Amino acid sequence: MSRYSAFSIFRNALSGQKNWQRAWRAAEPKPSYDVIVIGGGGHGLATAFYLAENHGIRNVAVLEKGYVGGGNVGRNTTVIRSNYLLDGNTQFYEFSMKLWEGMSRALNFNVMFSQRGQLVTAHSADQLDGFSYRANIMRLNGIDADILDRDEVRRLVPYLDFSDTARFPIHGAIFQGRAGTARHDAVAWGYARAADGHGVDIIQNCEVTGFLRDGDSIVGVETTKGRIGAGKVGLAVAGHTSVLGAKAGLELPIESHVLQAFVTEPLKPLVDHVVAYGADHFYVSQSDKGGLVFGGNLDGYNSYAQRGNLGVVREVAEAAIALMPCISRVRLLRHWGGVMDMTPDASPIICPTSIEGLYLNGGWCYGGFKATPASGWCFAHTIATGKPHPLITAYGLDRFSTGHTLDEAGAGPSAWLQ
Amino acid sequence: MNSNHKRLSIGGRIDREQPVEFTFDGRSLIGYRGDTLASALLANGVTLVGRSFKYHRPRGIFSAGPEEPNALVTLATAGRRQPNLPATTLELEDGLVAESQNRWPSLAFDVQSINGLLAPFLSAGFYYKTFMGPTRRAWMFYEHFIRKAAGLGRAGSGHDPDRYDISHAFADVAIWGGGPAGLSAACAAATAGARVALIEQDFLLGGQLLAEQSDSAAAAWLRQAEAELESSETVTLMKRTTAFGIYDGNVIGLVEQRDPSNPQLAGEARQTFTMLRARSIVLATGAIERPMVFSNNDRPGVMLASAARSYLNRFAVLPGKKIIVATSNDGAWRAAFDLADAGAEVIVADVRAAPSTALAAEAGRLGVVVRAATRIVDLNGGHAVRRATLNGPDGQPEAACDLVCVSGGWSPTVHLTSHLGVKPQYRDDIGGFVPGAFPADRFGAGSMMGTYSTAGAIEDGHRAGIAAAWFCGKSMPVPAPSKLDLGETATALLREAPSIGRGKAFVDFQMDVTTGDIELAHREGYESVEHLKRYTTLGMGTDQGKTSNFAALASMAALRNATIPETGATTFRPPYTPVAIGALAGCAIGHHFKPIRRTPMHDWHMANGAEMIEVGLWMRPFFYRQSGRDSNEAYIAEMRSVRQAAGLMDISTLGKIDVQGPDAAIFLDRIYANGFAKLPVGRARYGVMLRDDGIVFDDGTTTRLAENRFFMTTSTAKAADVLSRLEFLLDTAWPDLRVAVTSVSDEWAAMSVAGPKSRAILSAAFPVLDVSDAAFAHMGLLESEWQGRALRILRLSYSGERAYEIYVGATAGEQLWSRLLEAGRPFDLKPYGVEALGALRVEKGHVAGPEIDGRTTLDDLGLGRMAGKRTGFVGDVLRRRPAFQAPDRQRLVGLECIEEGKRLRGGAILFLPGEKPYGHGRGRVTSVTFSPERGHYVGLALLAGDVASEGSEVVAVYPMKAETVRARIASPVFLDPQGERLHG
Amino acid sequence: MLRIECPCCGLRDHDEFRYGGDASVTRPAHDDPDPQAWYAYVYIRANPAGLHREFWQHVTGCRQWLVVERDTRNHAIASVELARKLAPRKSLARKSPA
Amino acid sequence: MASPDFSLSVADCPLIQIEGWDGTLGQFEKSLSALLGTKLPDSVGETVRQKGLLVIRVAPRRLWLALDDGLEAPSLAVDPDLGCSVSLGEGRERFRMAGAHIAPVLSKCITVDWRAPAAAPGRAVLTSLHHVPVLFLRTGDAACELIVPRSFSRSLSDWIADAAG
């Protein structure tokens, strides 16, 4: 694999771009692998990369039913933050943040991780107190956090509605300076290329249709490209975990829901941070290409269709104008939906399963993108050692029967309310 | 040059009596009513209109519709700035101010066009391969410049001065597209008896018929169809209306532009967002002509052949004098003939070896030069085309030109059909994608289905209109449509290999994606259609790749040596054309963003100095400004008056539920953790409900009004959730219980009189009632009437003082409030707000929202004794899970600040003395207040049970204010633990 | 917008309704003491990609809870019934323990 | 607000809700029908007018009795074994709207098809306005009423006034 650099661009420009290599090989399946990772999204590819990079396990295949990065990693609104409250979440997402900070160089692929800062507006003293609790936890865990008053928010993001007609006047905000965005496709491609560089086979258009068993153990998979044996199988197909889990006989506390994302026409720089509206469901950032990328709430019913409905489009637009009246004439260019694994406590599941040889990584709700590197890192550790990585001990499946749930919002076990 | 020098003296569908003044880049120009900005610019000889996204290449007007990739302008009227609008869809109106964009300092001289020279280094995806060093944060540096260079146009600032409306509409049959197929479908469906909505994005009906000469048979047919539809009472014609998306349930999103030519509409909404619910849908969205791919095919002066014909016949603009029509099909010849007829010198370069003899004969008659088996390989000219290099049997002749019309065939406009997951299917005979199988309530017609002749489209539309009406049960007889045969010949297509000369050959004009970029993507393995799009940004522009998708797909197919269906088809997402966010928000902006709930005493609060706070849409008094200089002073003063005399609080926002029925007591026993079956009539009880998972859901008091009737109150925030939950259990789990639950939240004005003088005040206010303790004990009920309204008084206390909750019919709320204040004046009764209320309850150790946070159990909140040994209530089983029994489980405690002059804060993290403040600590402070009783801050906290021994110390750490405060663990009840004040 | 045919009120936009989740799970009897039964009821979901029985309440209409059969792959609704019609009937309410 | 094209007035709304139990509904409604001296509306959305009283079925087992202005509520002794009643008149307001523009104004407010049989004069539709539950009563060719929760009344009348303006 040749290294990417300014020099490589220069050299290839002179040779008419004819000498670039494939970013990853077009691999066909071998009869068996030490580890098969199902799901060529961000988490699956990162898992494969860290299996090779951290654990020296290179006889690995990633099986993707469509094309690499075609699921949620390529559909999300790319927000990366580590502002979690609960013991277990806080440390995991901060570890992920640290991996983001070195990702482009580690992968030799520019994922355009832009630490532009994220703020969430507060609209009452009580809400700001709640944010202060969160900020306190963050600071006490070594994570940057700031509480801003109204004037400070105004200086930072003057285009929000500070007028007298604002329905929910801005009282202040919580701000994490290291939070930001990344180029989502590049994350998938970067991990794919780097994993491929370690010898991992990335097999596209290869759908897993069943599991091969030897007694109680899983020893491989049935696919549209035939049977493939495996020492261990890792499932990383968030959005469709229930469907694949059912094939393996897992009963899971997961529902699939659709979350919409939106992008506007490209504009000259307007939104320099990630901004979330504390009075309703709306968050926005601006892509490097200039489009405002935003989202809102779940559509609110079980769905595997990658599209949402008009009611939520309208609600999100209303919230957008409530927060940023200046974008009233800016036009929506495209909106689409992603299928989320929603868990009863809005926290993910990464763990060995009750089935020997099968490891589970799912339930990412709508927070999976930011977790990509840590998820891959910890899942690789779990698969390689058979034991949960210390950072994911809170993410076991058994937490629902024991009561050790991690419910950041306190919304209770109705998945669509998380 | 004189104005409108490219305008023909007659013809077209413009109104020469109505000149329209507008400016472009500061230049004043004249067009006519009926022009688009694009046609008016062309009439005035403006060919350079914009700069491209990446390379800043000069661009002109390419199309005559919403597929326009190049001619994007900013409407720059003060306060109404709007970027990226295709000049081809802007209806010209008086005073329109347009600016070109993505250029500096000027359109003609743009510094960033240097990017064109750097192009070899700016290949597709180059940014993924560099900008990674020298430091980890290096990208932040590069990004700053990249962001500045990117983006087309600028957003406005401040509030939008225009209004937007929302509307709900209904139809039997919605017909999408006002061309021949759509018009024919509308006539047929209406005749069959259906209510029809016909949606057309243009300000004129007719679609491609508008590009026919205005004295033609096509024009006559159009007039007749329009007249028929306009006279029909069951047809709604929606012109200037974009159907941007189709959603489940046949809900169609429409945005209608205000008619700028009608001065009476000047004050109306700029756009109206309509949600149209149709029972069946006819899609007649037409087709979009494809460009041809050759070097420098993006030069100003290159235009789709159909667009040139439209400018000529509809707008009476002859956009060139020396014209090359480059085509792969018969259709573009008709443009050549019309242009020649209008006086232009025309060469047709047809890639096919032997165009039909009929066409050749007509060409001969009109003096059109025909070059068969010839294609353009390169174009010359910077700001306007000057010369084309052809490649054909005659070698590589050069030809001078000032306009190049291109036609690479047609792509059916299948975008809308794919919004609901109907996958496009490739048809080899027409070389394009048509929609796949429709569900039963949707129909397609015309060129969108691959029927390219006008006669065929009319037939098709007619059939679809009848079928769509029939689906809605409307089947009145429909006569055959009037025929219109324009003599078009079939448009069979070749698969065109791009012809590349020396310069870049563009596939996606707006995103500056070239054939070279597609080759590079293929070489690097980004060969699925989705990878191609994402890697090269193909189709990501404001035109959504309407003219580029097919050419890109064909290129990739050729590179992969695969068929087009093997290579795939892209999924089109809504909106079909971009939609202003303001339009989608409609009128739900400003104070209409969310409705406000007002209590019956709202006006009194506003008139009497209340500082209001919003709680779940309810407006509530936070404190009263006369109570103190600021909220801190005010709430403490209000607390004191409750503790020392009496206070009056508006509690109308509490959820109130009427529970009735023979099984009401059994029902309450199941939904509350504590028992209600034995509650005597006339008594109230505090109750706590759990969720199924054993976590506390809500709390409130419930009073037994009669054997079969209870009056339940809930928290303000959870009122709707609780009611819905109760209904859920009755409808789905326990339908055998005869119980009715009804929200009566709005029915009652509610106010609490609290304080040692409250009984005296009650007595003064209601002289006829016996409110003595003997007659009216704590937790008792008194029912009566006041001013003809029902009156309920409950003796309940939240503050710890003797207190009464008074409920009266809402219409008398303000009257009773005033009466109480008047009766209370001798006793120093003062109104108090939610800040004081919250402080009073903290002093008394009552839990509320900050403690009932969706993660705490009964035991956590010290309420376990309420359930005692009961079983069989909601949440009982899962509340016994092991995690909730752990010794270090965080439980409610009281905290007293023991450092002089310091304060506790909610959200502080608790550590043991001497412990390093790191991590999540042992717990947190949930609620605090200054306690006038104690003379220092007190608070409630959730603290690990294994360290929560009363009397020992903890340290409350608050990094956001760099504060560390020592506190002593205490009982959460800071005031009157024996409850003597309740009777005081 | 899903359009749900409420048996009482007719065809309505789904934003008039409140979603209630999977209707195929069996709620244990109110006095069922089995933690496993409650755990399965509260947490375990088949989450099919296909026909899904689910609760919706017509909350701004007749307030009835409905059971809707809907395909989660394309949102097509196959049937709508009043939940009360389908709910299991017990002979009569047992007395709750105090 | 009032103009020949559209007028809106707000009034109190005396209202009683009556509900019968599953299983004994027929018996209950028979006696109620006799008590009121009128047949009851069969299905949700149907109404029956009897003197100054409008009987509306709002749910399969639930009726609303809306009283004309100034009319005394009928005294209804409901057998608790068969059903129950609760007064809702203090908590609702009644918007009366009329005028030639009523249909376009309403189309900006509620998702009701003015021309559908379900919204014909004499019919009632339970729906929502700006997420708030409301009862739409079609009272004439160009007239209708909305019964709205009192706490939202001002927000909703503002919304309608802006839609009409």
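User: Before we start, what conventions apply to numbering and confidence?

Analyst: Residues are numbered from 1 along each chain as its sequence is written, while chains are lettered from A and ligands numbered from 1 in the order in which they are written. This is a predicted model, where local features need pLDDT of at least 70 and side-chain atom pairs count only at pLDDT 80 or more, while totals for chains, interfaces and linings use all residues.

User: Happy with that. How many helices and strands does chain C have?

Analyst: Helices (H or I, at least four residues) and strands (E, at least two) are DSSP runs, numbered from the N terminus. Chain C has two helices and six strands, in the sequence pattern β-β-β-α-β-β-β-α.

User: What share of chain C is buried?

Analyst: A residue is buried if 20 or more other C-beta atoms lie within 10 Å of its own, exposed if 12 or fewer, and partly exposed in between, with C-beta atoms placed from the backbone. Of the 98 residues in chain C, 42% are buried.

User: Where is Gly95(B), and is it buried or exposed?

Analyst: Gly95(B) sits in the loop between β6 (82-86) and β7 (96-100) of chain B. Gly95(B) is exposed because it has 10 other C-beta atoms within 10 Å. Between Gly95(B) and Arg258(B) there are 16 Å in space, C-alpha to C-alpha, and 163 residues in sequence.

User: Which residues of α17(B) are buried?

Analyst: In helix α17 (residues 664-671) of chain B, eight of the eight residues are buried, so the helix is largely enclosed by the rest of the structure. They are Ala664(B), Ala665(B), Ile666(B), Phe667(B), Leu668(B), Asp669(B), Arg670(B) and Ile671(B). Their cover includes β33 (655-660), β34 (684-690), β35 (696-706), β36 (709-714) and α18 (719-733) of chain B.

User: Now sheets. What is the strand order in the open sheet of nine strands?

Analyst: Two strands pair if DSSP finds at least two bridges between them. The order is β5(A)-β6(A)-β4(A)-β13(A)-β14(A)-β15(A)-β12(A)-β16(A)-β29(B), and the pairing is mixed. At the edges stand β5 (146-149) of chain A and β29 (579-580) of chain B; each has a single partner strand, so one side of each lacks a neighbour in the sheet. Within the sheet, β4 (residues 118-122) and β6 (residues 172-176) of chain A pair in the antiparallel sense over five bridges, and Val120(A) is opposite Ile174(A) in β6(A).

User: Which strands does helix α5 of chain A lie across?

Analyst: Axes are lines fitted to C-alpha atoms, for helices over the stretch in contact, and angles run from 0 to 180 degrees between N-to-C directions. Helix α5 (residues 125-140) of chain A lies across β4, β5 and β6 of chain A, at about 155° to β5(A).

User: Finally, how many residues from chain D and chain B make the contact?

Analyst: Two residues are in contact if their C-beta atoms, placed from the backbone, lie within 7 Å. Here, 29 residues from chain D meet 29 residues from chain B. On the chain D side, β2 (15-20), β6 (83-87) and α3 (153-164) each supply at least two residues, with the largest share, six residues, coming from α3(D).

User: And how is chain D divided into domains?

Analyst: Domain bounds come from an automatic or database domain assignment. Chain D has domain 1 (7-12 + 90-164) and domain 2 (15-89), whose centres, taken over C-alpha atoms, are 22 Å apart. Across their boundary, 10 residues of domain 1 contact eight residues of domain 2.
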